[in-house]
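Biologist: I'd like to learn how to read a model like this one. Could we walk through a few features together?

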Amino acid sequence: MNKQMGTMAWGRRKGRYSLGRLAPGERVALLANMARLQLVEAGDLFRAKLGFLKPEEAFLEELLPKESPLMRDALSFARETHSEALLHHSWRTFLFGALLGHHKGLSYDGELLFAACILHDTGLAFDRSTHPEDCCFAISGAERACSHLIDKGHGVEKAQKVGDAISLHLNAYVSSRLHGAEAHLVSRGAVCDLFGTGLRRLSPRSVDKIMERHPRRGAMSALGFGQIQHLPGTRPALMTALSGGKAPKTRLDRFGF
């Protein structure tokens with residue numbers, strides 16, 4: 001059982017560091033992951049200025065995997081439980097993640113990536129019974145999404161992969177080697193939409209099409225920036241504290257926030 005920081009098994013531990021609360025060493029690891037993202041972004045900027053960074057472009061329809069029962073069940077559940085703005089954020093997370101995966105040349109399971117992206121913020125759904133002030137929302141959302149997919153008849157192993165990708169996405173950076181390409185790309189897609197990280201790897205035309213199809217306005221409110229109180233000691237609580245409780249300013253703000 002994988003009990004590395006951010007996995008579902010890690011979220012189930014008992015005692016002082018239960019419910020997604022970070023041990024001291026894990027706080028350092030999270031800060032290191034956030035620093036890594038900044039270094040990646042700095043590297044992209046340097047390569048772009050030298051003309052070595054070729055932006056990825058694709059027709060959005062080409063990014064969607066072949067429709068499957070898992071995709072239908074995940075999307076149906078998201079439509080029932082997510083606000084419109086939160087659902088659009090989930091779609092953008094998938095499309096950005098898929099584009100970044102193509103740019104990096106990663107091989108990934110499209111239906112798993114889609115299901116995990118569409119459900120990655122289930123812990124913030126309007127009908128949630130577990131609230132962010134009581135448990136890390138990535139942990140509670142992963143558990144709920146995983147249980148829903150199993151109830152719909154999907155295999156435990158497949159549902160667990162979706163759940164782990166959801167639970168891990170708040171690690172800031174998720175290793176594809178340790179956790180799989182799908183978990184890596186859920187995280188990359190989410191931070192791209194929220195912070196603009198990796199945006200230079202995508203063609204402006206592709207970004208414009210994504211924003212036209214899935215508007216960004218209302219995203220920060222849907223995600224609870226400046227509104228939600230997170231359980232102290234968790235990943236979202238630490239990230240919120242570092243931001244001063246304010247939504248980050250990004251290159252995507254021209255599309256609304």
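Modeller: Gladly! Let's begin with a charged pair: the side chains of D193 and R92 form a salt bridge, 2.8 Å from N to O. The term stands for a side-chain nitrogen of Lys or Arg within 4 Å of a carboxyl oxygen of Asp or Glu. D193 sits in helix α10 and R92 in helix α5 (residues 84–104), so the pair links distant parts of the chain, 101 residues apart. Helices here are DSSP runs (H or I, at least four residues), numbered from the N terminus. D193 and R92 are both buried, meaning under 20% relative accessible area, with exposed over 50% and partly exposed in between (1.4 Å probe, protein chains only).

Biologist: What should I keep in mind about the model itself?

Modeller: This is a predicted model, in which local features need pLDDT of at least 70 and side-chain atom pairs count only at pLDDT 80 or more, while totals for chains, interfaces and linings use all residues. Residues are numbered from 1 along each chain as its sequence is written, and side-chain values use heavy atoms, leaving out hydrogens and water.

Biologist: How many salt bridges does the structure hold?

Modeller: In general, side chains of opposite charge can pair when their charged atoms come close. The structure holds 12 salt bridges. One of them joins R201 and D44 at 2.8 Å, N to O. R201 lies in the loop between α10 and α11 and D44 in helix α2, so this pair ties together parts 157 residues apart in sequence. R201 and D44 are both buried, and a network of salt bridges links D44, R47 and R201.

Biologist: Which residue does R200 meet in a salt bridge?

Modeller: R200 pairs with E41 at 2.7 Å, N to O. R200 is in the loop between α10 (181–195) and α11 (204–213), and E41 is in helix α2, 159 residues away. R200 is partly exposed at 22% relative accessibility, whereas E41 is buried at 17%.

Biologist: And how do I read a pair of helices?

Modeller: Two packed helices are described by the angle between their axes and the distance between the axes. Here the axes of α4 (residues 69–81) and α6 (residues 110–118) come within 9 Å and cross at roughly 10°. Axes are lines fitted to C-alpha atoms over the stretch in contact, with angles from 0 to 180 degrees between N-to-C directions. The two helices are therefore roughly parallel, a label for angles under 35 degrees. Among the contacting residues are L70 and M71 of α4 and F114 and I118 of α6, where contact means heavy atoms within 4.5 Å.

How values were computed. Angles under 35 degrees count as roughly parallel, over 145 as roughly antiparallel, 65 to 115 as roughly perpendicular and the rest as oblique.
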